[in-house]
Amino acid sequence: MNMLQDLRNEDFPWVIPRLRRFETVHIPRVVALPPEASSERAVFEAGGIRSLIVIPVSRGESIFGFLGFDSVREEKTWAKEDITLLKLVGDAIANALNRLRAERQIRMLAHSLKSIGECVSITDRDDRILFVNDAFRKTYGYTEEEVIGQPVRILRPPQEANARAEEIL
C-alpha cells in the first residue's frame, strides 16, 4: 500500500482529467482498462488492485481531493446505489471541509475587525449597534455590554447628528 503514496497527478493521465470534469471513475476490472490508461493500469496492478472507484471531492468549481476505494481480493462492480452513497459521503466531506475553511476565515476577519486601530461598528437596518471593536470602545468610553443593541443615536445628541448629516450631504 505504501507504493501508492506520494504519486503525482502526472502518473494518472487517464483518471485525473475525468476527476477534473467531476466524473466518478468506476473501474470494475483493472485488467480491462483501455490502452490509453496503461499508466494507471501499471500502478494499480503493482498495488494488487483489481477494481476501484474514485469520487471527486470539490470546493465550488475546483477539485481538491478524491474519495477512493479499491478491491484487492476480487474484481468488484459497485452498485449504482453504492456509488450514489459514496458521492453523498464525498459531498459531506467537502461540505465539512468548506465549513471549517469558512469558519477560519470568519475568525480571522473578526479578529482583524476587533484589533484594527480605527473605530468600527456594525449596525442593523434599524440602526441598532450589533458590533463594536476595541478602538470604538476606547474612543467612546462604553463597554461592549452597554452599547450592543442600543441605537446609534446614543453616541451623539440629536442636534449634532442633524448637523453632521447636513455636512455629509
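Student: Does D11 count as buried or exposed, and at what relative accessibility?

Tutor: The model is a predicted one. D11 is found in the segment before α1. The cut-off for buried is under 20% relative accessible area. D11 falls under that cut-off and so counts as buried, its relative accessibility being 17%.

Student: Leaving aside neighbours within four places in sequence, which residues is D11 in contact with?

Tutor: Contact here requires heavy atoms within 4.5 Å. With the neighbours within four places in sequence left aside, the contacts of D11 are S39 and E40.

Student: Which residues of helix α2 are buried, and where do they fall around the axis?

Tutor: Helix α2 covers residues 38-46, and E40, V43 and F44 are buried in it. Viewed down the axis of α2, these buried residues line one face of the helix, because they fall within an arc of 95°.

Student: What do the buried residues of α2 pack against?

Tutor: One of the buried residues of α2 is E40, which is also in contact with D11. The packing partners of the buried residues of α2 are α1 (15-20), β1 (25-27) and β2 (51-59).

Student: Which residue just after α2 takes a positive phi?

Tutor: Helix α2 is made of residues 38-46. Just after this helix, a positive phi of about 75° is taken by G48.

Student: In what sense do β2 and β3 pair, and over how many bridges?

Tutor: Strand β3 consists of residues 62-71. V54 stands opposite G68 in β3. The pairing of β2 with β3 is antiparallel, and the number of bridges is nine.

Student: What is the phi of G60 in the turn between β2 and β3?

Tutor: β2 and β3 form a hairpin, with two residues between them. G60 lies in the turn, and its phi is positive, at about 65°.

Student: Which residue lies over the face of F64?

Tutor: A charge sits over a ring if CZ of Arg is within 6 Å of the ring centre and within 35 degrees of the ring normal. At 4.6 Å from the ring centre of F64, the residue over its face is R59.

Student: How is the aromatic pair of F136 and Y140 oriented?

Tutor: A search of the whole structure finds two aromatic pairs. In the pair of F136 and Y140, the centres are 4.7 Å apart and the planes stand at 40°. Planes under 30 degrees apart count as stacked, over 60 as edge-to-face and the rest as tilted. The pair of F136 and Y140 is therefore neither stacked nor edge-to-face, but tilted.

Student: Where do F136 and Y140 lie, and how many residues apart are they?

Tutor: F136 is buried, at 3% relative accessibility, whereas Y140 is partly exposed, at 38%. Both residues lie in helix α4 (residues 134-140), about one turn of the helix apart, a separation of four residues.

Student: How many Å apart in space are S112 and N133?

Tutor: S112 has its place in helix α3 (residues 80-115) and is partly exposed, with a relative accessible area of 38%. S112 and N133 are 21 residues apart in sequence, and their C-alpha to C-alpha distance is 9.4 Å.

Student: In what order do the elements of the chain run from the N terminus?

Tutor: The chain has six helices and five strands. Its 169 residues include 23% that are buried. From the N terminus, the order of elements is α-β-α-β-β-α-β-β-α-α-α.

Terms used:
Residues numbered from 1 in each chain as written. Predicted model: local features only at pLDDT ≥ 70, side-chain atom pairs only at ≥ 80, totals over all residues. Heavy atoms only, no water. Buried < 20%, exposed > 50% of the residue type's maximum accessible area, 1.4 Å probe, protein only. Phe/Tyr/Trp six-rings, centres within 6.5 Å; stacked < 30°, edge-to-face > 60°. Arc of directions from axis to C-beta. Pairing = 2+ DSSP bridges.
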